[in-house]
Amino acid sequence: MVYFLGVDGGASKTAALVTDESAVPLGRGLAGGSNHLRVGIEQATRNIERAVNSALVEAGVAIREIEYAYCGIAGSDHIEHHERVVEALRVFFPRGNFVVDNDARIALTGAVGFGSGIVVIAGTGSVAFGRNTSGGEARAGGWGPKIGDEGSGYAIARDGLTAIVRAFDGRGPATKMTDLLCFQYAMCDPADLPRFVYATTTGDDVIARYGKLVMQAADEGDAVARAILDRAGCELAYCVLAVARRLSLTAEELPVAYVGGAFHSGGLLLDPMKREIAREAPRAVVTPPLHTPVEGAAMMAIRAASSPRATRV
């Protein structure tokens, strides 16, 4: 049997999957985040190795038996960042039979296959990535929490915490999120938030977890929380539409798949996103992904084995 490996490395977690040549899953692994811009190159490499080793053990396969590996790693777009990740993984893949690519491309392949379509990702960060029938690709968003990532789990959480302190000051309306912060996170005085938010140990992924209180408050009818999710959905739609324009897809039948934890809020995020997309791309169909990003990575490993893309290795 021939074995293949897919890796999906994001800011919060890293997933690995071993499959056979028909993409049948044989072993899975999970570890912490592997975006080296967020966790550092050493921690990122360790988490990739942990996830891969867990998948190998479950599959009963040794790393030397892997025919080809495809690693979609967040933060690896820029050439300098890409080379750092590649060099860090060469020890783990001594045969050189691996590709390092960005996480958006594997998410797209998992979501819609190898055909035309767009995937919008809203996890800790956010990005939209698409492909047309000519093989052209485009992306929008993915600029990180300081200058971008609108609509992401981080942005939703940040806006929720901001709404809490605005209400505390009297600069904004009262919100159920204040009570939820107390009941669920034992932080009953909003004045304590800066000490937590600005602590050096508080990473973006930790902040993103507070998006859950926005989702719960919105589900309970809180107008402030609902407005946050509405804006987030619109921002994600703007990313999708920017990609659709660049690929000349706004008038086409267009699958738009959504991936990431922020979409656990359901229609509160999806409905405004669908509404805004439909204004400019009326034939777009917003749908759950066909497969997960890590499954997309394994599919790309199988394809890459027959015609490796050296520019991404």
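Started with Gly33, which I found in the loop between β3 (25–32) and α1 (36–39); helices (H or I, at least four residues) and strands (E, at least two) are DSSP runs, numbered from the N terminus. This is a predicted model, where local features need pLDDT of at least 70 and side-chain atom pairs pLDDT 80 or more, while totals for chains, interfaces and linings use all residues. Residues are numbered from 1 along each chain as its sequence is written, and side-chain values use heavy atoms, without hydrogens and water.

Is Gly33 buried or exposed? Gly33 counts as buried, because its relative accessibility is 6% (buried is under 20%, exposed over 50%, partly exposed in between, with a 1.4 Å probe and protein chains only). Leaving out residues up to four places away in sequence, I listed its contacts, among them Gly10, Lys13 and Asn47 (contact: heavy atoms within 4.5 Å).

Next, the sheet. I noted an open one of five strands, order β8-β7-β6-β9-β10, with mixed pairing (a pair needs at least two DSSP bridges). β8 (137–141) and β10 (284–287) are at the edges with a single partner strand each, so one side of each has no neighbour in the sheet. β7 (residues 126–131) pairs with β8 in the antiparallel sense over five bridges. Arg131 has Glu137 in β8 as its bridge partner.

Last, α10 (residues 223–246). Its 24 residues should span 34 Å at 1.5 Å a residue, and the end C-alpha atoms are 35 Å apart, which agrees (expected span: 1.5 Å times one less than the number of residues). Ser248 follows α10 with a positive phi, near 55°.
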